[in-house]
Amino acid sequence: MSGETRIKGISLFMKTGLLAFCLFGVISTLTSALTAWTLYDHMTREYLSKGTAIAQSIAGASQEILLNRDAATVQSMIDQYLEIEGVVYVFVVDADGLVVSHTFVPEMPPILRDIQGMRHRTLVTPLEIEPFGRVIDICQPVLAGLAGHVHVGMGKEVIIAYFWEVVIKMQALLFFIFWGCVGLLYLVIRRISRPLGQLTEYARKVAAHDFSDSIDIRTRDELEVLGRAMMSMGQELALLFSEMESEVDKATADLREHMAYLAAIIDNLADGLLVVGVKGEITVLNPAMRELFGLDEKGYEGSRVQQVFPTEVAELTKAICGCEGKVVSGEIALSRGRTGKAVGSSIHVSEPAPRCMGGVLLVRDITREKELDQLKTDFISTVSHELRTPMTSVLGFSKIIRKKLEKSVFPLLAERAEVEKPIEQVRSNMGIIVAEAERLTELINDVLDIARMEAGEIQWRDEEVSLGAVLEQSREATRGLWQSKGLEVVTQVAGGLPRVNGDRARLVQVVVNLISNAVKFTGVGPVVCSARQEGDDILVSVRDNGEGIEPGDMHLIFDKFKQVGDTLTSKPEGTGLGLPICRQIVERHNGRIWVESEPGKGSVFSFTIPVSGSAKAGDAKAVSCRPPEIDPDEVAGGRANAKPLVLVVDDDPSLIEYLSQVFEDQGFIVCEAMSGPEAIRTAQSVLPDLITMDIMMPGMDGREVIERLRRIPATRSIPILVITALSGVEEEAGDMALVKPVDDVSLLEAARALLDGRECCNSCIVLGDGRSCDLNGLAVLCTGDVRFTSVEAFWKLAEEGFRGTVFIPAEECGNVELKRLSGLRGISVIILPPSACA
C-alpha cells in the first residue's frame, strides 16, 4: 500500500511542481525582463545626459581656441575625456566642417564625416561604428555653429553588458529561490498526499466491493473528517451490498427456475411454437413444431423461415413480422398428409422504448378435428337430405288436404252451427301444420346449405354482377314481408358503381337474409339498403331502426344456431343459420361481413365484395379457365348439354399449354392449376368433369392431391386421368394412367372413356322440362350432372344402368311406377313440392 501511495504522492507532486514551475518561470521571466529593460532605459538616459554634459563642456571651453584655430590645445583637451566611462570618441569640427582634432587612432571613420550638426540645439544620432559597435553620437554646436561643432560618442555596448549582467544575476537568484520553494512545496504535498493516497486506495477497494480495509488519518483537518466519512460510507455500502447480493442470488434462482419452467412449457406444448425475429430469422422452435413438419434435431435458430418451412408458413411469418399488430391465421399442410391450423401475431414491447421484436406463430394439428367436422357435415347433409323426402310429402299433402277441406268439405258443413267451432279448429290446426312444416323445411334447407358450403360441395356460378341490381331484386323478393308489417325498404345505390365477380343468386341470398332480419326486428321504418364503392371494394349496408344488439351478443350472431335474446323464455324466430350462411357466402367472395349496433338505436349490417379485377387471391381468382365458344341453347339446356370441363394439373407450363390446346380443339372447357393446393382449390370451386394429374410435382405431389380430392365429398367421384413420366403404380392413385410422352389421340380416347363411364353414374335426373322447372327457388346440388328428361326417357336410361338420384315433381307421382322405381339398385328418389315443374 505504501508503494502505491508513494506513486500517487509523487504523481501529485509532479503535477503541482510542473504548475509551480510554469507559473514561476512566467513570473521570473516577466520580472527579469521588466527590471532589465528599466535598467537599460535608465543607463541609456544617463549616458545621453553624460555625453551631452561632456559635449557642452568641450563646446564652452573651446570657443576661443576654435576661433584661433589652436588644434593642439583642442586635442589635449578632448583626450582627457576618453578616460570617462562610456566615452568612446570625441572630435571637433570647425564651421567649414573640417575636423580640427579627434581621438581616433589611426584615423577617423568616414561615416562620422557626413554627420551634419544643428546650429541651435543638440543633435543625438544612434550609429554603429567599427570597432566601437553601437554608439550614440551627441553633437553640440559651438557659438550656434559659427565656430563649429563638438561630437561625443557614448558606447552602448557598456549598457548592454551591464544589462545582461543584471539579468544573469537576477535569474540565478530566482533559480535558487525557485528550488527552495519546490523543496518546501514537496514537503507540504507529501504531508497532504499520504492521507489522500490512503483515501484513494480505500475508494479503489470499495469500488471492487472489498470493505475489509480501514483508514487511519490523524491530520486534525478536513482530510481526517473525509476519512471518517468514507469509512462510515464503506460500512453502509458493505451492508447494502450484502443485502443486495442476497436479493440478486434469490432473484437469479427465481429467474432460472422461471426460465426452466417456461422452457419446459414450450418443450411440452402440444401445439407447435415458432418465434421469428423482425428480419424473419428463427429464434425459438419447440419439439412439437419439429414433429409437425418432420424436422430433425438440427439447430435451426438463425435460419430463414423460408429455408426450413413450406411457403404457407413463410407467408404467415412475413405478415406478422411486418409488425402491423394484426392477427393472421390459416390452414396449412403438415407432414404425413396432416392438416394444421396456424395463428400468429407480432411481438411488441413497451419498455424501455416501444418497439417490435418479431412475431410468434402457433400451429395445431387439426387433422382429427377436420375428420370429425367432415363426419358431422356428412351426417347433417345425409340426415337433411333424407328428411327432405318425408317433409316434402308432409308439406305437400298438408296443403292438398287444406285445399280440399276449404274447397269441398267446409262449404258442405258451413250451415251446421254445431260444427262451426270444430271447422275453425281444424282450419287453425291445418294452418299450424303447414306453417310448422314450412319452418322445418326452411331449417332443413339452411342446415343442408351451410353443411354443403363447409364441405365445399356448393357449385358456384360466378359472373359479372351489379350489386345495385342485387339490392333491387332482394327488395322485391322481400316485398311481401315488409309490406305486411307496414314498413318501407329504401335502396340507395351510388352512381357509376362497378360490377363484381360473384354468384348472383348467392349474393341475393345474403341481402335477402339481412333485409329479412332487419324487417323482423324493426317496428318503425324505413330499412335502408345502400351500396357504394370504398377503394377496391363495394360496401353494402342494411340499416334498421330496431332495438339494436347488446355488445356482449355482437360476436355471437355469426355463429351457427346463435340468436339474439333469450331463446329459453321466448320463441326463437328462424333457424339461427341465416347470418352464418351469409358469412360463408361473403368470405367465399373474398369479402368480410360485420355488424355495428347500439342498443335502442338499431343496427347496421355491412359486407364488402371486391370489384371485378381487384379481388384478393381466393377461390374465384385462383381458377384459370379457358372456355371455348358456347352455344346459348346448350347453356339453357343445363349442364348435361354443356361442354365437358377439364382441370389440367401439371407444374410444367409447356405441358399445360399442350394439353389445354388438345382439349380446347375438341370443344372442352379447360381450367389450369400448377400446384397441388391450387388444384384442390380449383376442383372444389368449379367441380370439373375430368381432372388430368401429374404425379411428380414439388411440394404436394399428385398422389397426395388425389388422396385429398377423394376425401372431399364434392370431388371424390370426379374421374382422374394420371399423366406422368413414371409407370407402374399410377392407376392405383387415379382412375386411368398415361405415360409421357402422350399423343393427342390416346389422350382424347382416355378422357372420353372416363367421361362416358361417368355419364350413367353419380348423376341426378329431374323428371320435367328444364325450361319450365324453377323448383320453387330450390337448387339441385349434385356431385355429377343434372339432367331434365321425361318419364319415358328416364326408364330407358334406367335400363341402360343409370345410377344416381331422381327428383320427381309431386304432379308426376301418379305417372311414375314408384314401386318399380324403388326396386332398382343404386337409385335414390326425392319428391319435389307441388308446382315445382309447372
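A residue is called buried when its relative accessible area is under 20%, exposed when over 50%, and partly exposed in between, using a 1.4 Å probe and protein chains only. These words return throughout the description below, which concerns a predicted model whose local features need pLDDT of at least 70, whose side-chain atom pairs count only at pLDDT 80 or more, and whose totals for chains, interfaces and linings use all residues. Residues are numbered from 1 along each chain as its sequence is written, and side-chain values use heavy atoms, with hydrogens and water left out.

Side chains of opposite charge can pair when their charged atoms come close. Counting a salt bridge wherever a side-chain nitrogen of Lys or Arg is within 4 Å of a carboxyl oxygen of Asp or Glu, the structure holds 20 of them. One joins Arg711 to Glu707, with 3.3 Å from N to O. Both partners belong to helix H20 (residues 702-711), where they are four residues apart, about one turn of the helix; helices (H or I, at least four residues) and strands (E, at least two) are DSSP runs, numbered from the N terminus. Glu707 is partly exposed because its relative accessibility is 47%, and Arg711 is partly exposed too, at 41%.

Glu165 is partly exposed at 37% relative accessibility, whereas Lys169, at 54%, is exposed. An α-helix has 3.6 residues a turn, so residues three or four places apart point the same way.

What links Arg338 with Asp365? A salt bridge does, its closest N and O atoms being 3.6 Å apart. This pair connects distant parts of the chain, 27 residues apart: Arg338 sits in the loop between strand E8 (328-333) and strand E9 (339-349), and Asp365 in strand E10 (residues 355-365). Arg338 is buried, since its relative accessible area is 11%, while Asp365 is partly exposed at 27%. Through shared partners, salt bridges join Glu291, Arg336, Arg338 and Asp365 into one network.

The next topic is aromatic rings. Rings of Phe, Tyr and Trp (its six-membered ring) pair if their centres lie within 6.5 Å; planes under 30 degrees apart count as stacked, over 60 as edge-to-face and the rest as tilted. This rule gives a count of twelve aromatic pairs. In one of them, Tyr40 and Phe163 have ring centres 6.2 Å apart and planes at 80°, so their arrangement is edge-to-face. Because Tyr40 lies in helix H1 (residues 2-61) and Phe163 in helix H5, the pair ties together parts that are 123 residues apart in sequence. Both of these residues, Tyr40 and Phe163, are buried. Phe663 and Phe668 also form an edge-to-face pair, 5.3 Å centre to centre with 65° between the planes, and both Phe663 and Phe668 are buried. Tyr40 and Phe163 come together with Trp37 and Trp164 in one aromatic cluster.

Nonpolar side chains complete the picture. In soluble globular proteins, nonpolar side chains tend to be buried together. A nonpolar core is a set of buried Ala, Val, Leu, Ile, Met, Phe, Trp, Tyr and Cys residues joined through side-chain atoms within 4.5 Å. Of the 43 residues in the largest such core, Leu467, Phe605 and Phe607 touch the most other members. Elements that each supply at least two residues of this core include helix H12 (467-477), helix H14 (504-520), helix H15 (578-588) and strand E17 (603-610). H14 provides the largest share, eight residues. Leaving aside residues up to four places away in sequence, Leu467 touches Val500, Leu507, Ile538, Val540 and Ile609, where contact means heavy atoms within 4.5 Å. Apart from this core lies another, of 27 residues, among them Ala55, Ile58, Val92 and Val142.

How much of H15 is covered? Eight of its eleven residues are buried, which leaves H15 mostly covered. Among the buried residues of H15 are Leu579, Ile581, Ile585 and Val586. After H15 comes Asn590, whose phi is positive, near 65°.
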